[in-house]
Amino acid sequence: MSEQELRDGLAALVVDEPPLNFDPDALMANADAAARRRRTLVGVSGATVVIAAAAVALPITLRGVGNPNAQTTPGAVVTTTAGAPGFVWPPAHNKVPALTVEQVEQTAHKLQTEARRAFPRAVPTATEVGVDLFAGEAEGDYHAGQLNLNGAVHFATAQGRAAVDIEVNAGASTPSPGKTCVHESDATCKIMPQQDGTVLVVTRWGQDQLQVLTVRHFRPDGVVVAVSGYNADTFLPKPTPYLPRIPVTEKQLVALATDKGLTM
Amino acid sequence: MKEAQARAFREFAVANAGPLRRSAYLFCGDWHFAEDLMQASLVKVYRAWSRVQRQDRLGNYARQVLLRTWLDEKRKPWRRAEFSATVPDTPDVSADPDERAQRDWTRDVVRTALLAIPPKQRAVVVLRYFDDLSVAETAQVMRCSEGTVKSQTARGLDALRAALRAGGHADLVERKFAS
């Protein structure tokens with residue numbers, strides 16, 4: 001096949017293209033409406049954070065009155081649907097790694113090893129655990145300066161087969177906790193500032209039978225580890241049947257997302 | 001957005017919707033998904049219009065957005081799972097039967113091979129040989145160096161040959177791609 005035959009072959013692929021009913025005004029109107037919805041959501045979130053802060057402050061105040069020895073539980077969280085007050089993103093100590101392609105590949109292998117270690121510890125009931133080699137946006141995607149690697153963990157439980165996706169992002173390359181919740185506006189989203197200065201964001205999303213529970217850990221060095229549990233192994237060429245619920249808990253996903261070995 | 005900007009975007013969108021959808025189809029192999037990718041990409045361009053409209057090569061900027069949108073979508077596992085290399089039967093009854101048979105055969109062979117190669121290599125093949133972008137333009141769209149474009153092109157063509165060979169089309173492979 002010559003270069004020209006390749007060009008002809010590609011051109012032939014789109015000969016039978018269906019008619020295009022494109023309306024630029026509808027597209028612009030939809031984009032404007034979506035922007036308005038986002039602004040409204042941010043406004044609602046602002047109001048919610050005030051209510052949530054009051055709701056948290058009141059029990060703490062009452063506990064302090066009733067029991068002088070009471071302390072805030074270590075690791076206690078503030079749950080809101082808005083941003084994390086006082087949390088700066090990108091963080092002051094943000095590190096943007098300038099990795100070569102070889103270093104990115106090495107990191108991908110290291111993350112695979114770390115995931116093999118961390119997953120059985122976080123989810124001890126899982127069997128037949130297999131971890132993919134981490135990569136960028138697509139399988140085998142490694143490039144210089146890459147800031148994102150992800151890999152799937154395949155496993156079985158008593159309920160059936162499922163998967164967890166682990167995504168490691170460096171250099172504060174993901175949106176802030178507040179913006180994450182705005183972007184995931186079709187999911188339930190909660191932001192949980194931690195006492196160590198990090199922030200957890202938990203989103204739960206579903207479509208038809210698919211359920212996805214994602215825990216993101218925002219770290220002071222700009223790394224965000226996002227761990228998503230699914231109710232099926234959708235990473236296989238032939239996905240497994242949907243389970244009635246995700247076979248890993250939020251706590252288990254938090255344990256993975258906060259694992260120090262998962263970083264880049 | 002001011003009316004003049006809206007008018008400029010409208011003209012840009014109308015002129016580029018078709019080409020973007022065709023490129024998207026070659027990326028993903030599905031017209032419905034291609035339509036979604038084109039719409040999503042144009043929405044992103046619209047949101048950034050006040051910043052980007054002064055760019056010399058807006059079409060390439062839109063291609064860049066399209067490529068990122070497609071790769072982002074591919075990261076979602078439900079998108080990865082729905083990938084299929086099945087070739088639909090869409091005969092063109094108006095064409096000469098012999099010509100049509102030859103064209104359909106070439107089309108099906110190329111489509112099957114194209115969908116079998118890794119996404120970034122597929123993207124570089126589409127940008128270089130369908131969109132007719134230069135190495136420099138492809139590098140700009142893919143946000144990588146020209147050297148990477150050349151190596152990805154070579155790998156993409158190798159992968160295409162391998163896919164053709166695996167599909168039983170070794171005769172096509174023997175006639176090598178021009179460098």
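Biologist: What makes up the secondary structure of chain A?

Modeller: In this predicted model, chain A has five helices and seven strands. Read from the N terminus, the order of these elements is α-α-α-β-β-β-α-β-β-β-β-α.

Biologist: Why is the link of A:Cys181 and A:Cys189 called a disulfide?

Modeller: The name requires two cysteine sulfur atoms within 2.5 Å, and the sulfur atoms of A:Cys181 and A:Cys189 are 1.9 Å apart, so the pair meets the rule. The count over all chains comes to one disulfide. The angle about the S-S bond is -75°, and the link of A:Cys181 and A:Cys189 is left-handed, while both of these cysteines are buried.

Biologist: Why is B:Cys28 called buried, and why is B:Cys144 called partly exposed?

Modeller: The relative accessible area of B:Cys28 is 9%, so B:Cys28 is buried, the cut-off being under 20%. For B:Cys144 the value is 27%, and therefore B:Cys144 counts as partly exposed, a class that lies between the 20% and 50% limits.

Biologist: What makes the pair of A:Glu17 and B:Arg21 a salt bridge?

Modeller: The rule asks for a side-chain nitrogen of Lys or Arg within 4 Å of a carboxyl oxygen of Asp or Glu, and the N to O distance between A:Glu17 and B:Arg21 is 2.9 Å, so the pair qualifies. A:Glu17 lies in the loop between helix 1 (3-13) and helix 2 (24-66) of chain A, whereas B:Arg21 lies in helix 1 (residues 3-28) of chain B, so the pair joins two chains. At 23% relative accessibility A:Glu17 counts as partly exposed, whereas B:Arg21, at 1%, counts as buried.

Biologist: How do you know that A:Asp259 and A:Arg117 tie together parts that are apart in sequence?

Modeller: The two residues form a salt bridge, with their closest N and O atoms 2.8 Å apart. A:Asp259 lies in the segment after helix 5 (250-257) of chain A and A:Arg117 in helix 3 (residues 101-122) of chain A, so the pair ties together parts that are 142 residues apart in sequence. A:Asp259 is buried, with a relative accessible area of 13%, and A:Arg117 is partly exposed, with a value of 30%.

Biologist: Where do B:Asp158 and B:Arg161 lie, and what makes them a salt bridge?

Modeller: Their side chains meet at 2.5 Å, N to O, and the limit is 4 Å, so the pair is a salt bridge. Both residues lie in helix 9 of chain B, three residues apart, which is about one turn of the helix. B:Asp158 has a relative accessible area of 43% and is partly exposed, whereas B:Arg161, at 17%, counts as buried. Elsewhere, salt bridges that share partners join A:Glu17, B:Arg21, B:Arg22 and B:Glu35 into one network. Over all chains, the count comes to eleven salt bridges.

Biologist: How do you know that the span of helix 9 of chain B is close to the expected one?

Modeller: Helix 9 (residues 146-166) has 21 residues and reaches 30 Å from its first C-alpha to its last, and the span expected at 1.5 Å a residue is 30 Å. Among the buried residues of this helix are B:Val149, B:Gln152, B:Gly156 and B:Leu160.

Biologist: What makes helix 7 of chain B mostly covered?

Modeller: In helix 7 (residues 119-129), eleven of its eleven residues are buried. They include B:Pro119, B:Lys120, B:Arg122 and B:Tyr129.

Biologist: Why does B:Arg63 count as buried, and which residues does B:Arg63 touch?

Modeller: B:Arg63 has a relative accessibility of 19%, and so counts as buried, since the class covers values under 20%. B:Arg63 is placed in helix 4 (residues 58-75) of chain B. Leaving aside residues up to four places away in sequence, B:Arg63 touches B:Leu20, B:Leu127, B:Asp131, B:Leu133 and B:Val141.

Terms used. Residues are numbered from 1 along each chain as its sequence is written. Chains are lettered from A and ligands numbered from 1 in the order in which they are written. This is a predicted model: local features need pLDDT of at least 70, side-chain atom pairs count only at pLDDT 80 or more; totals for chains, interfaces and linings use all residues. Side-chain values use heavy atoms; hydrogens and water are left out. Helices (H or I, at least four residues) and strands (E, at least two) are DSSP runs, numbered from the N terminus. Buried means under 20% relative accessible area, exposed over 50%, partly exposed in between (1.4 Å probe, protein chains only). The expected span of a helix is 1.5 Å times one less than its number of residues. Contact means heavy atoms within 4.5 Å.
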